[in-house]
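Subject: Structure for your review

Dear colleague,

Please find below the structure that I am handing over to you, together with its sequence. I would be grateful if you could read the notes that follow with the model open beside them.

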Amino acid sequence: MTVLLSIFPKRRMRRSRSRHIQPLLREATITKNDLVAPLFVDELITVPKPIAAMPGQFRYPISGIAEVALGLWNLGIRSVLLFGIPKHKDAVGTSAYDPEGVVQQAVREVKKAVPEMVVITDVCACEYTDHGHCGIIGTSRYGTDLLNDPSLELMNRIAVSHAKSGADIVAPSCMLDGVVSSIRTALDEEGFEEALIMAYSTKFASAFYGPFREAADSGFSFGDRSTYQIHPANSREAILESQLDADEGADILMVKPGGFYLDILAEVALLGLPVAAYQVSGEYSMIKGAAANGWLNEKDAVLESLNCIKRAGADLIITYFAADAARWL
Ligand code: PBG
């Protein structure tokens, strides 16, 4: 500190901050190429349905999803992440791998309308199970819980059915051990060597997924996700998870939530694979809520939040602000 102070007036940091110099020296910049727009497709509706906990976001009917994708494409968004709300739920998530399931149909619709759109699908069972957990439930040593190995086959089926429908990238979000290598093997066996895997490698058991429960109808009937998602306090565990997913063959690693976990993001970025950050539902709704009350400037807050995620090391950012940001950039 004394060293730095002693340099003044030779070292003047503000010299580089003048209006004409500053843009030349800027480090992180977000572009439209970095943005992925999550979309909710609901098999039970015929007109878009607003999501109350996420002002400005909607569930879309299958029949309307192509138009939404085209709109995003025309704004310069190159990728969407699809979530499905099925008409049928059961204990073992059968409709998640139905060739005529909601996501499978939605992928085909989007690809037909905008073939170049990079379609990512969420590979998980929580929207398709009646108990709302991410796979098969059974009895473990400590009571009822998500069973790891019995759920892997389910994930394989879901991933393969998404790839068959035309998904470019499958994104397992269930936090099962071994799910990346399991899905990789299944995809390769079915001839989908070219399908990428974006692993939700570092997914924390976060309260900030709250609004998503309404958005995707994926609330759980008992317990929570703390036996499969990472505790927010743990960073070494988080990095190890990402390392393991990298070793298992993940093409892209993801940190989720994004904004509160920038230390993790910065470290995961050092592993050498492309890194995605997911600015989750709660992060969206917080900014929306504050902006609606006039407590902060929405555009400035959104662009700052995205820029900080980029600065920390994200190559791509999954954000419900994708369309707005594309308009503002
Ligand atoms: C499914 C899944 C969730 C989210 C993405 N995929 C919910 C959860 O894990 O509880 C959350 C996304 C968001 O909050 O925006 N497992």
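Predicted model: local features only at pLDDT ≥ 70, side-chain atom pairs only at ≥ 80, totals over all residues.

Helix pair

Two packed helices are described by the angle between their axes and the distance between the axes. Here the pair consists of helix H5, which spans residues 148-165, and helix H6, which spans residues 179-189. Their axes are 9 Å apart and form an angle of about 50 degrees. H5 is therefore oblique to H6, and the crossing of the two is right-handed.

On the H5 side, the contact is made by Leu152, Met155, Asn156, Ala159, Val160 and Ala163. The residues they meet in H6 are Val179, Ser182, Ile183, Ala186 and Leu187. Sorted by class, this contact between H5 and H6 comprises 9 nonpolar and 2 polar residues, with no charged ones.

Largest pocket

Rolling a probe the size of a water molecule over the atoms shows where empty space is left. The largest pocket found has a volume of about 280 Å³. Its lining consists of 18 residues, and those nearest the centre of the pocket are Gly56, Gln57, Tyr60, Leu72 and Ala323. Two or more lining residues come from each of strand E1 (35-42), helix H3 (65-75), helix H10 (281-292) and helix H12 (322-328). In terms of class, the lining of this pocket has 11 nonpolar, 4 polar and 3 charged residues.

Cavities

How many cavities of 30 Å³ or more does the structure hold? There are 2 of them.

The largest cavity contains about 100 Å³ of space. It is lined by 15 residues, with Cys126, Lys203, Phe212, Arg225 and Lys256 the closest to its centre. By class, the lining of the largest cavity is made up of 6 nonpolar, 3 polar and 6 charged residues.

The second largest cavity contains about 50 Å³ of space. Its lining is formed by Phe83, Tyr209, Phe212, Lys256, Tyr278, Val280, Ser281 and Tyr320. These residues divide into 6 nonpolar, 1 polar and 1 charged.

With kind regards

Methods: Residues numbered from 1 in each chain as written. Heavy atoms only, no water. Axes fitted to C-alpha atoms, helices over the stretch in contact; angles between N-to-C directions. Helix = DSSP H or I, 4+ residues; strand = E, 2+ residues; numbered from the N terminus. Parallel < 35°, antiparallel > 145°, perpendicular 65-115°, else oblique. Left-handed = near helix turned anticlockwise from the far one by under 90°. Contact = heavy atoms within 4.5 Å. Nonpolar A, V, L, I, M, F, W, Y, C, P; charged D, E, K, R; others polar. 1 Å grid on protein atoms, 1.4 Å probe; cavity = no way out; pocket = protein on both sides within 12 Å on 5 of 7 lines; lining within 4 Å. Points joined across faces, edges and corners; volume = space filled by probe spheres on them.
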